[in-house]
Amino acid sequence: MQKLRLISFALLSLSVTAVAHADEKRYVSDELTTWVRSGPGDNYRLLGTVNAGEAVELMQTNGKYGQVRDSNGRVAWIQLSDLKNTPSLRTRVPDLENQVKTLTDKLNNIDTTWNQRTAEMQKKVAESDSVINGLKQENQQLKNQLVVAQKKVNAANIQLDDKQRNIIMQWFMYGGGVAGVGLLLGLLLPYMLPSRKRKDRWMN
């Protein structure tokens, strides 16, 4: 009877000390394998092992043990020291490697894009330099043509001045000739008229 009371008291104490959890997720530590037991103590029989990094649901705790449910639905007890709040390195390393690969690919794409844009900018700058050089050459050609045209205009003005002087001299010469002829006629005409009058008088 007393032994039955002790067993009842032990079960009551166990039920009181057991703390319920709302199926919190935990991760098995990075050890290769971790043993699980049928109860919250080292004296309970072993039910098997769980793999390192495996995700389990923490149902309740009792002392240094916690009751968990693994991915196969098995319920067992495991030491809390073997549980962690974050995924194990064995699980995180592939994720980290994938993240590194993704970032590396993005960096490579950025480098490629940047190189393409740099090449396009260099090409545009080279084309702009070519256009500028062409405009400079064309401007110089126009300047040279302008100088030649100015020289031709100056030469034409000189020739025009010479022609104007020649025309003026010719007009002076023509005017002088006309004046000379008029003067000569004026001198000769009086001598010619009286002779005619005398002849007319003699005939009368």
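Mentor: Let us begin with Leu 58, which stands opposite Val 68 in β5. This is a predicted model, in which local features need pLDDT of at least 70 and side-chain atom pairs count only at pLDDT 80 or more, while totals for chains, interfaces and linings use all residues. Residues are numbered from 1 along each chain as its sequence is written, and side-chain values use heavy atoms, with hydrogens and water left out.

Trainee: Which strand is Leu 58 found in?

Mentor: Leu 58 belongs to strand β4. Strands (E, at least two residues) and helices (H or I, at least four) are DSSP runs, numbered from the N terminus.

Trainee: How do β4 and β5 pair?

Mentor: β4 (residues 55-62) and β5 (residues 65-69) pair in the antiparallel sense over five bridges; pairing requires that DSSP finds at least two bridges between two strands. Their hairpin has two residues between the strands, and Gly 63 takes a positive phi near 70 degrees there.

Trainee: Is Leu 58 buried or exposed?

Mentor: Leu 58 counts as buried because its relative accessibility is 3%. Buried means under 20% relative accessible area, exposed over 50%, and partly exposed in between (1.4 Å probe, protein chains only).

Trainee: Turning to charges, how many salt bridges does the structure hold?

Mentor: The structure holds four, a salt bridge being a side-chain nitrogen of Lys or Arg within 4 Å of a carboxyl oxygen of Asp or Glu. One of them joins Glu 57 and Arg 69, at 3.4 Å from N to O. Glu 57 lies in β4 and Arg 69 in β5, so the pair ties together parts that are twelve residues apart in sequence.

Trainee: Which residue forms a salt bridge with Asp 42?

Mentor: Lys 64 does, with the closest N and O atoms 3.8 Å apart. Asp 42 is in the loop between β2 (33-37) and β3 (46-51), and Lys 64 is in the loop between β4 and β5, so this pair ties together parts 22 residues apart in sequence.

Trainee: And where do Lys 101 and Asp 105 lie?

Mentor: Both are in helix α2, four residues apart, about one turn of the helix. Lys 101 counts as exposed because its relative accessibility is 52%, whereas Asp 105 is partly exposed at 34% relative accessible area.

Trainee: Finally, what is the overall pattern along the sequence?

Mentor: The protein chain reads α-β-β-β-β-β-β-β-α, with two helices and seven strands. Of its 204 residues, 15% count as buried.
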